[in-house]
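Let's take a walk through this model together.

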Amino acid sequence: MANLEGKVALITGASSGIGAATARKLANAGVTVGIAARRLDRLEELKSQIEEDGGKAIVLEMDVTDIKSVENAVAHLVAEGTTIDILFNNAGLMPLSEVDDFKIDEWHRMVDVNMKGLLNTTAAALPYMIAQKSGHVFNTSSIAGRKVFKGLTVYCATKHAVTAFSDGLRMEIGKKHNIRVTCIQPGAVSTELYEQISDPVARQQMEDLRKQMTFLEGEDIANTILYALEAPAHVNMAEMFIMPTQQEW
Ligand code: NDP
């Protein structure tokens, strides 16, 4: 898939952070980007920016936890773009807390969005790739999908699940359907992710981190995705572990 001109991507979590940066990057490379999230105002703003830069974007209202919402958005994208060549499963949230705080609603939201949501979008988009015998799936895991950190236990569990699913998916659909699978594993990225943390101590700890090191930007992750997409068809970048130079852990 070295030439991306005319390809169609579905990007979840496109209303901010890594997803928005990747949408801009892929649109610049000639990809029609289906930008999916719940906040439509943010998506409309992003679409305007992409169009001003000469790219093409299709706004998709999507709650990844709702299979009907996912199916409707995928149908809308395919109606306008004819297929899906690239799926970026990126929507996620990280409301951190200690397990013995029993923030059970937040645990469930992380499982529903980070894991089940990713399965929902994969189930809806993959048949188009299988039908055309080509495609590339990117899943946003994390450094928390490689190691476990105290205070991030449930988040780590969901991201380990994403890492495991990505590797199994790669084994099942690579040779059989000619579809590449890349698991993206970033360290700290400067986005809105920390705004979801309701625990004041955990929130402050994450905010303090910003003063201790230079975070990655969403665009840094977008660059790695473009690199994997532009690799020759026989090359599958299975995992990409992208860290701030100053992140010591
Ligand atoms: P942001 O908070 O900026 O973006 C999260 C995105 O997820 C938003 O676009 C949000 O859109 C979307 N989202 C959340 N819930 C839902 C839902 N139910 N349905 C659809 N979309 C949803 O954070 P990031 O850009 O940092 O996060 C992107 C991914 O990167 C996440 O999976 C995160 O876990 C991962 N990651 C982030 C790191 C970091 O340090 N920032 C490090 C490693 C991994 P909306 O609210 O409009 O629906």
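Start at the backbone of Val 189: one of its polar atoms sits 2.8 Å from an oxygen atom of the ligand. That is a polar contact, meaning a pair of N or O atoms within 3.5 Å (inside the protein, one must be able to donate a hydrogen and the other to accept it, and residues adjacent in sequence count only if both atoms are side-chain atoms). Before going on, bear in mind that this is a predicted model, where local features need pLDDT of at least 70 and side-chain atom pairs count only at pLDDT 80 or more, while totals for chains, interfaces and linings use all residues. Residues are numbered from 1 along each chain as its sequence is written, and side-chain values use heavy atoms, with hydrogens and water left out.

Arg 39 reaches the ligand with its side chain, where an N or O atom is 2.8 Å from a ligand oxygen. Leu 193 uses its backbone instead, with an N or O atom 3.4 Å from an oxygen atom of the ligand. How much of the ligand does the protein bury? Of the 890 Å² that the ligand exposes when taken alone, 95% is buried by the protein (accessible areas come from the Shrake-Rupley method with a 1.4 Å probe; for residues, only the protein chains shown count as cover).

Two elements give two or more residues to the shell around the ligand: helix 1 (17–28) and helix 5 (153–177). Helices here are DSSP runs of H or I with at least four residues, numbered from the N terminus. In total, 29 residues surround the ligand, and Ser 15, Ser 16, Arg 38, Tyr 155 and Thr 191 are the closest; a residue counts as near if one of its heavy atoms lies within 4 Å.

The axes of helix 1 and helix 7 (residues 218–230) come within 8 Å and cross at roughly 50°. Axes are lines fitted to C-alpha atoms, for helices over the stretch in contact, and angles run from 0 to 180 degrees between N-to-C directions. So helix 1 is oblique to helix 7 (under 35 degrees is roughly parallel, over 145 roughly antiparallel, 65 to 115 roughly perpendicular and the rest oblique).

Helix 5 has helix 4 (residues 104–132) as a partner, their axes coming within 9 Å and crossing at roughly 10°. Helix 4 is therefore roughly parallel to helix 5.
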